[in-house]
Amino acid sequence: MSPYSGSMYHGSPLLLPVLGPLTVNRVKGLPAHLFCSLIFVIVDFVTAMLIRATGQKLMSTYHRSLQLLNLSCVQETAGHTHVGDLASLIFLWNPFTIITCAGSSTSPIDNLMIVLSIYGACSGLSSLASFGWVVSTHLSLYPAILVIPVILLLGYGPDAPPSKLFFLKKSNESGGSCPKDKTCSEQKSKEESHIRNFCWRPVLFFILWSLIWSSYILFLSFISLKEFGGLSEMVKKTHGFILNVEDLSPNIGVFWYFFAEVFEFFRSFFLIVFHINILFMLVPLVIRLRHRPCFLAFVYIAIMSMLKSYPSVGDSALYLGLLGLFANELAEMRFSFFLLCGYVGISLLSPVMHNLWIWRGTGNANFYFATGIAYASLQTVLIVECVSTILKHDRMLRNKLTT
């Protein structure tokens, strides 16, 4: 029987044989789907460990950059927050993460593959980064845009201050007097080596491994579906289902309400407009944040979580966890208390409004859609404030360097 017969399943054909039997095998006296939920708990723990390791790499690289710029005072003023531990704890204890596991959603597997790709890129492991990126794109399509920050991570390395700060320090020192001794020459060689040039070797390996993993996944998918339409059926029922927004069941996004109201004649036009919104933001962000590829990946994840056709709280759990990786740079972010209260309020109001509309019949769709609009607005404010705070942090580093 085809896994896509009917309208219940629209995921990867490779995921169903793994998780499907876990929903059937039950133990008497224990809740249903217990084994499946335990798998997702383990997956979340692995994701948290990868986030912690990524945070350690980011922290060591950034502190080394500040020392080369003679800006250790910034590090002392900001404190020694271990961002890896903080981010992993935020991810694990986030109510969204717990709800996702309790509901047996497959979002933890998507999140694991995304974090695996970022960790592999930070570590310079092209094969690991390509595996995470290919599998995450195969599962939910939207992580395809993460190829930009992954390539920047492989080519330039983890986040660091803008390269122009190193050139500025070099020009300031060349204008002054510097004795021609061994210590001065070693310091100059260290600074010149830290002025990052793009390295093509790991990027080419990433492209090669991506082709290998893609071929392998497509081959396995073809074998599992060769009697039910092949790869064309898979693309139509998975990625095509995502792009065409065929299911208008209420969710925490905004697509379902709009396409339930729009005239059928304009549906194709607005599908293009809604999906191309993500692509419009890619180039300006990569131009401005190319020196911080890991933060750029966080911004991309938050944007695609907001503009997905079928979003879930598991998507929010991922980018809220990754937000902790930049706790030192975002320490002075505005509206943090407002955003916290907003997320708490939406988390409480959304199920209430859904219950009033769907189960009790005392409300209408606008009750629930209002929480979706508020949720999207909160995510927009969070993204804008995070980007502006990071840019202010870079300007602060430049001002301290010049003074």
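Helix H1 contributes 4 residues to the lining of the largest pocket, the most of any element. The structure is a predicted model, and the space in this largest pocket comes to about 1200 Å³. The second largest pocket holds about 600 Å³, and its largest lining share, 6 residues, is supplied by H18.

**Largest pocket: position and contributing elements**

- The lining of the largest pocket comprises 38 residues, and those closest to the pocket centre are Met8, Tyr9, His10, Gly11 and Thr106.
- Two or more lining residues come from each of helix H1 (16–24), helix H6 (107–122), helix H7 (126–140) and helix H13 (239–244).

**Largest pocket: lining composition**

- Polar residues number 19 in the lining of the largest pocket, alongside 15 nonpolar and 4 charged residues.

**Second largest pocket: position and contributing elements**

- With about 600 Å³ of space, the second largest pocket is lined by 19 residues, of which Leu320, Leu323, Leu339, Leu340 and Tyr343 are the closest to its centre.
- Helix H4 (83–93), helix H5 (95–102), helix H17 (313–323) and helix H18 (336–360) are the elements that each give two or more residues to this lining.
- Among these helices, H18 provides the largest share of the lining, at 6 residues.

**Second largest pocket: lining composition**

- The lining of the second largest pocket consists of 15 nonpolar and 4 polar residues, with no charged residues.

How values were computed:
Residues numbered from 1 in each chain as written. Predicted model: local features only at pLDDT ≥ 70, side-chain atom pairs only at ≥ 80, totals over all residues. Heavy atoms only, no water. 1 Å grid on protein atoms, 1.4 Å probe; cavity = no way out; pocket = protein on both sides within 12 Å on 5 of 7 lines; lining within 4 Å. Points joined across faces, edges and corners; volume = space filled by probe spheres on them. Nonpolar A, V, L, I, M, F, W, Y, C, P; charged D, E, K, R; others polar.
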